[in-house]
Amino acid sequence: MRSLGSATRAQVRAWVRSTPGTHIWLLVIGITSLVIASASEGLEAFLLHRTSSNIHELDQHPLQSLLISGFWMVNPSSFLLYAVLFEVFHANVERWLGTARWLCVVAVAHIAATLISQEILLLAIESHSAPRSMKHVVDIGVSYGLAGSVGVLAYRVPRPWRWAYLAGAVLFFAVPLTTGGTYTDIGHAIALALGLALWPLTRGRPTWRRPTGRKAAREPARSRRPRWRR
């Protein structure tokens with residue numbers, strides 16, 4: 001039992017070391033979530049609006065709001081859910097593509113989806129389709145970067161399962177748009193599309209593959225694990 005526990009801890013350490021960006025980001029989000037959870041109502045409102053990437057903040061502090069907004073969440077209670085999603089999507093993408101390429105995916109998805117969705121909102125305000133107060137709406141969170149990772153991870157899934165993965169991802173982000181979605185939902189759809197558009201970053205990277213049929217039956221049990229294909 002002791003050796004099993006040591007092996008598990010070693011695997012966890014190896015996983016974290018191979019995905020430093022994901023876990024540093026997750027640590028920062030955990031800290032900011034604790035700040036929001038322990039803050040007074042007035043301080044919470046100030047922090048959420050000050051770190052938002054809404055139209056007002058983008059106009060006043062464009063670079064600062066784009067960067068800082070990716071390290072806060074409106075609902076600290078959702079941290080555990082996002083921790084699981086980070087491990088499933090961000091960590092797998094970072095380990096697969098490398099930290100630099102993963103950061104590129106996250107940055108493009110977060111920044112572009114934020115700017116495009118806020119520009120759409122601004123056009124709606126100018127055409128009187130949305131109230132002017134929407135310029136100050138809270139717009140923070142990690143979901144745009146996450147949607148980008150969901151998109152690019154499709155290229156790690158081998159055919160024909162890739163199509164099922166794509167269908168599930170598209171449905172997940174498209175359904176809110178067809179049922180009275182918000183401008184944030186538009187941003188999610190844009191971020192997913194951007195992740196899919198970044199397929200050149202996946203060139204030369206392996207996909208998941210399992211041996212099948214009689215070949216798998218002839219192989220030793222210890223070799224029946226996912227194999228890499230280039």
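Mentor: Let us begin with a term that we shall need throughout. A residue is called buried when its relative accessible area is under 20%, exposed when that area is over 50%, and partly exposed in between. Please note also that the structure before us is a predicted model.

Trainee: How many helices and strands does the protein chain have?

Mentor: The protein chain contains eleven helices and two strands. Read from the N terminus, the order of the elements is α-α-α-α-α-α-α-α-α-α-β-α-β.

Trainee: What percentage of the residues of the protein chain count as buried?

Mentor: The chain has 230 residues, and 39% of them are buried. Its accessible surface is about 13,300 Å², with 65% belonging to carbon and sulfur atoms. As for contacts with a separation of 6 or more, 74% come from residues 24 or more positions apart.

Trainee: How many salt bridges does a search of the whole structure find?

Mentor: In general, one looks for a side-chain nitrogen of Lys or Arg within 4 Å of a carboxyl oxygen of Asp or Glu. The search of this whole structure finds one salt bridge. It joins the side chains of R50 and E57, with 3.3 Å from N to O.

Trainee: Are R50 and E57 buried or exposed?

Mentor: R50 is partly exposed, because its relative accessible area is 30%. E57 has a relative accessibility of 8% and therefore counts as buried.

Trainee: Which parts of the chain does the pair of W25 and F71 tie together?

Mentor: W25 sits in helix α2 (residues 20–38), whereas F71 sits in the loop between α5 (62–68) and α6, so the pair ties together parts that are 46 residues apart in sequence. W25 counts as buried because its relative accessibility is 9%, while F71, at 28%, is partly exposed. Ring pairs also link W25, F71, F86 and W102 into a cluster.

Trainee: Which residues form a nonpolar patch on the surface?

Mentor: L27, I31 and V35 form that patch, and together they have about 270 Å² of accessible area. I31 is located in helix α2. With a relative accessible area of 48%, I31 is partly exposed.

Trainee: How far apart in space are G187 and A113?

Mentor: Their C-alpha atoms are 4.9 Å apart, although the two residues are 74 residues apart in sequence. G187 lies in helix α10, residues 183–197, and counts as buried at 0% relative accessibility. When residues up to four places away in sequence are not counted, G187 touches A113, S117 and Y144.

Trainee: What are the separations in sequence and in space for F172 and H188?

Mentor: These two are 16 residues apart in sequence, and 9.9 Å separates one C-alpha from the other. F172 is part of helix α9 and counts as exposed, with a relative accessibility of 60%.

Trainee: What do most residues and most peptide bonds have in their backbone geometry?

Mentor: Most residues other than glycine have a negative phi, and most peptide bonds are trans. In this model, H128 has a positive phi, near 65 degrees, and is a residue other than glycine. H128 is in the loop between α7 (99–126) and α8, and its relative accessible area of 73% makes it exposed.

Trainee: Which residues does a cis peptide bond join?

Mentor: The cis bond joins R159 and P160, with omega about 0 degrees. P160 is situated in the loop between α8 (143–152) and α9 (161–178).

Note on methods. Residues are numbered from 1 along each chain as its sequence is written. This is a predicted model: local features need pLDDT of at least 70, side-chain atom pairs count only at pLDDT 80 or more; totals for chains, interfaces and linings use all residues. Side-chain values use heavy atoms; hydrogens and water are left out. Buried means under 20% relative accessible area, exposed over 50%, partly exposed in between (1.4 Å probe, protein chains only). Helices (H or I, at least four residues) and strands (E, at least two) are DSSP runs, numbered from the N terminus. Contact means heavy atoms within 4.5 Å. Accessible areas come from the Shrake-Rupley method with a 1.4 Å probe; for residues, only the protein chains shown count as cover. Rings of Phe, Tyr and Trp (its six-membered ring) pair if their centres lie within 6.5 Å; planes under 30 degrees apart count as stacked, over 60 as edge-to-face and the rest as tilted. Patches are made of residues with over 30% relative accessible area and no salt bridge: like charges are joined within 9 Å, nonpolar side chains (Val, Leu, Ile, Met, Phe, Trp, Tyr) within 5 Å.
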